[in-house]
Amino acid sequence: MGHDHGHDHTHGANKKTLMISFFIITGYMIVEAVGGFLTNSLALLSDAGHMLSDSISLGVGVLAFALGEKVANYSKTYGYKRFEILAAVFNGVTLILIALYIFYEAYQRFSNPPEVASTGMLIIAIIGLLINILVAWNLMRGGDTKENLNIRAAFLHVIGDLLGSVGAIIAALLIMFFNWGWADPLASVIVAVLVLISGWRVTKDAVNVLMEGTPKNIDLEDIINTMENVTGILRIHDLHVWSITSGQNALSCHAVVDGALSVNESQQLLRKIEHELEHKDIGHVTIQLENNDHPHDDSLLCQNDQENITEGHDHQH
C-alpha cells in the first residue's frame with residue numbers, strides 16, 4: 001500500500017508540474033513564432049517550432065497522466081497507465097521529425113542567407129532563454145525527470161529549447177557585430193542535432209517499455225540471485241521482468257521449492273520474496289510455486305522466448 005501511495009503522490013506532482021510548464025511554454029511559443037517571422041530568423045523559428053512540439057508534448061503528457069488515473073477494468077486490467085508511454089513515443093518521434101525539418105530549412109539558408117533583424121532576434125532569444133530556464137527549473141523541482149519517461153521526454157524538449165535560445169543569442173550577436181548571416185542557420189543546425197539525439201533516446205526507451213523489455217534500472221542477475229538466495233527456493237524458471245509504465249516494474253516466474261510446503265509456509269515464502277524484490281524496484285510480483293515432482297522446464301526464461309538461446313532443448317508448453 002505504501003508503494004502505491006508513493007506512486008500516486010509522485011503522479012499528482014508530475015501532472016501539476018507538466019500543466020504549469022504547458023501554459024508557460026505555449027504562451028511564449030506564440031511570441032517566439034511571431035518574433036521569428038518579423039525578424040526573419042530561422043534560429044528563432046526553429047526554436048519556436050521546437051517549442052510548438054514542447055507545447056503539444058506537454059499537453060499530451062497532461063492528458064496521459066489524466067488517462068492514467070482511470071481505474072483498471074475488465075477490458076484494461078492494468079488500467080490506462082501505458083498511455084504515458086505512448087505519449088513518450090509520440091514526443092520522441094515528434095522531436096526527430098522537427099530536427100529533420102530544421103536540417104532541410106538550414107540547408108536552403110546556407111546557400112542563400114536572408115537578411116535577419118538581429119536586434120529583435122537577440123531580445124526575443126534572451127526572453128526565450130529565461131522562459132526555458134524557468135520551465136526546466138519547474139520540471140526538475142516538481143517532476144520525476146529521472147524515472148518517469150513522460151516527464152523526462154518533456155524535460156529533454158525544454159533543455160533542447162534552452163540550448164536553442166543560447167544558439168539564437170550567439171547567432172544574433174555574430175550577425176550584429178560581424179554581419180555573419182550564416183550564423184543563423186548554423187545555430188539552428190546545432191539545435192537540430194541536440195533535438196535529434198534527445199528524440200532518439202526517448203523513443204528508444206519508450207519502445208523498450210512497449211516491447212516489454214527488461215527495465216534499464218533492473219539488474220536481472222541480481223534479481224535471480226536475490227530470489228534463489230531465499231531459503232526454500234531451489235531454482236526459478238519462466239522468468240519475465242517488464243515495466244507496466246514508468247516507475248512501475250513487474251515480475252512473474254515459476255519457483256521450484258524444497259519439498260511440499262503448507263499453505264502457511266507458502267505464504268511466508270512469497271511474502272519474503274516480495275519484500276526482497278520491493279527493495280529492487282519491483283512492486284508487482286506474480287510467482288507460481290512448484291515442487292520437484294511438478295513437470296517443468298529448467299530454462300531460466302520462457303522456452304518460446306528462448307528458442308535461439310536454448311536450441312535443441314525440448315519442452316512442451
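Biologist: Which residue in E2 is the bridge partner of arginine 235?
Modeller: This is a predicted model. E1 covers 233–245, and strand E2 takes in residues 248–257. Across that pair, arginine 235 has as its bridge partner valine 256.

Biologist: And which residue of E2 is the bridge partner of threonine 245?
Modeller: E1 and E2 form a hairpin, with two residues between them. Threonine 245 has its bridge partner in E2, and that partner is glutamine 248.

Biologist: In which sense do E1 and E2 pair, and over how many bridges?
Modeller: Strands of a sheet pair through backbone hydrogen bonds, either parallel or antiparallel. E1 and E2 take the antiparallel sense, and the number of bridges is nine.

Biologist: What is the phi of glycine 247?
Modeller: Glycine 247 sits in the turn of the E1–E2 hairpin. Its phi is positive, at about 80°.

Biologist: In what order do the three strands stand in the sheet, and which are the edge strands?
Modeller: The sheet is open and its pairing is mixed. The order is E1-E2-E3. Two strands pair on one side only, and these edge strands are E1 (233–245) and E3 (284–290).

Biologist: What is the average twist from one strand to the next?
Modeller: The sheet is formed by three strands. From one strand to the next, the twist averages 10°.

Biologist: How many residues of E1 are buried?
Modeller: E1 is an edge strand that pairs on one side only. It is still largely enclosed by the rest of the structure, because of its 13 residues the buried ones number ten.

Biologist: Which residue caps the N-terminal end of H7?
Modeller: H7 spans residues 220–228. A side-chain oxygen lies 3.2 Å from the backbone nitrogen of glutamate 221. That oxygen belongs to the capping residue, aspartate 219.

Biologist: Where do the buried residues of H7 point, and which elements are included in their cover?
Modeller: Ile223, Ile224, Thr226 and Met227 are the buried residues of H7. Seen down the helix axis they fall within an arc of 160°, so they line one face of the helix.

Biologist: At what angle to E3 does helix H8 run?
Modeller: H8 spans residues 263–278 and lies across E1, E2 and E3. Its angle to E3 is about 145°.

Biologist: How far apart are the C-alpha atoms of phenylalanine 155 and serine 21?
Modeller: Phenylalanine 155 lies in helix H5, residues 149–178. It is buried, with a relative accessible area of 15%. Serine 21 is 134 residues away along the chain, but the C-alpha separation is 9.7 Å.

Biologist: Serine 118 is in contact with which residues beyond four places in sequence?
Modeller: Serine 118 lies in helix H4, residues 118–142. It is buried, at 13% relative accessible area. Its contacts are Ala172, Ile175 and Met176.

Biologist: For the whole chain, what is the run of elements from the N terminus?
Modeller: The chain has eight helices and three strands. From the N terminus on, they run α-α-α-α-α-α-α-β-β-α-β.

Biologist: What share of the 317 residues is buried?
Modeller: The accessible surface of the chain comes to about 16400 Å², with 61% of it belonging to carbon and sulfur atoms. Among the residues, the buried share is 45%.

Terms used. Residues numbered from 1 in each chain as written. Predicted model: local features only at pLDDT ≥ 70, side-chain atom pairs only at ≥ 80, totals over all residues. Heavy atoms only, no water. Pairing = 2+ DSSP bridges. Helix = DSSP H or I, 4+ residues; strand = E, 2+ residues; numbered from the N terminus. Axes fitted to C-alpha atoms, helices over the stretch in contact; angles between N-to-C directions. Contact = heavy atoms within 4.5 Å. Buried < 20%, exposed > 50% of the residue type's maximum accessible area, 1.4 Å probe, protein only. Areas by Shrake-Rupley, 256 points an atom, 1.4 Å probe, with all protein chains shown as cover. Arc of directions from axis to C-beta. Polar contact = N/O pair within 3.5 Å; in protein donor to acceptor, adjacent residues only side chain to side chain.
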